[in-house]
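Subject: A structure for you to look at

Hi,

Here is the structure I promised to pass on. Please open it next to this email and follow along.

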Amino acid sequence: DEELAVVLAHEMGHGQKDHPFQGYKKTIKAAILGNVVIASTGGSALSQLGVGQLLDMGTTLQIDRPQEWEADNLAFDYITHSNYNPGACAAVWQRNYEQSGNTNNAGQDHAGNLQRRDNYVKKLYDYSKKHVTVKDGVVLVNGKAFTTPAPAGGMSSAERSYFVLGNLAAAYHNGHDKNAATVSDGGTVMLGAQPILTPADGDSSAADLAAQLNKIK
């Protein structure tokens, strides 16, 4: 659900900035140019085929790369003004990378999955006031290892690490780091009022994670 919210927020960003309409205007210009080319070449079947292919490409790629980045950045703003975990912004692109590699199905106007993920990792680092990040699957707090989450809930270790990162970033952003890390009655590691993670099979115990967080926070 958190990752779906990121995708929807991205599309909302396109809508807010009128990206589809701007792309449509580009397509209309291409269509006019296509008609001019067909007319000037006598409208042969070959020229019509070539222009048709170009127009299909223009219709598909209506949104350019700067607009894609703008929508990604707007999605982060939307998510951080909601109750969703901001780490989902990076996690969704980690999932895409694991399923499809670093390519995409939208042509060169979309950045690769790793680039989009890493853009969000940097944003999370800044959002945390430069306290937390993920490097090579390890969640780092003040440059020191906190945890490498185990795969759980249909997520890889890497994907899950970004959700831990998001919770920590929110904790630091909202000042919860001034409190001690504790373990709730339900077994969730807390930093102040902010849940950080509930250990799964393969994770360190909640008590050990809280102790490590108190040591490095």
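This is a predicted model: local features need pLDDT of at least 70, side-chain atom pairs count only at pLDDT 80 or more; totals for chains, interfaces and linings use all residues.

Residues are numbered from 1 along each chain as its sequence is written, and side-chain values use heavy atoms, with hydrogens and water left out.

**Two helices**

Have a look at helix α1 (residues 2–16) and helix α4 (residues 65–80), which pack at an angle of about 120° with their axes 7 Å apart. Helices here are DSSP runs of H or I with at least four residues, strands are E runs of at least two, and both are numbered from the N terminus. The axes are lines fitted to C-alpha atoms, for helices over the stretch in contact, and angles run from 0 to 180 degrees between N-to-C directions. α1 and α4 are therefore oblique to each other; angles under 35 degrees count as roughly parallel, over 145 as roughly antiparallel, 65 to 115 as roughly perpendicular, and the rest as oblique.

On the α1 side, the contact (heavy atoms within 4.5 Å) includes Ala5, Val6 and Ala9. Among the α4 residues taking part are Ala71, Leu74 and Tyr78.

**Salt bridges**

How many salt bridges does the structure hold? There are eight salt bridges, each a side-chain nitrogen of Lys or Arg within 4 Å of a carboxyl oxygen of Asp or Glu.

One of them joins Glu68 and Arg116, at 3.3 Å from N to O. Glu68 lies in helix α4 and Arg116 in helix α6 (residues 113–127), so this pair links distant parts of the chain, 48 residues apart. Glu68 is buried, with a relative accessible area of 5%, and Arg116 is buried with a value of 5%. Buried means under 20% relative accessible area, exposed over 50%, and partly exposed in between (1.4 Å probe, protein chains only).

Asp118 pairs with Arg117, their closest N and O atoms being 2.9 Å apart. Here Asp118 is partly exposed at 37% relative accessible area, whereas Arg117 counts as buried at 14%.

Arg160 and Asp203 form another salt bridge, with 2.7 Å between the closest N and O atoms. Both Arg160 and Asp203 are buried.

Enjoy exploring!
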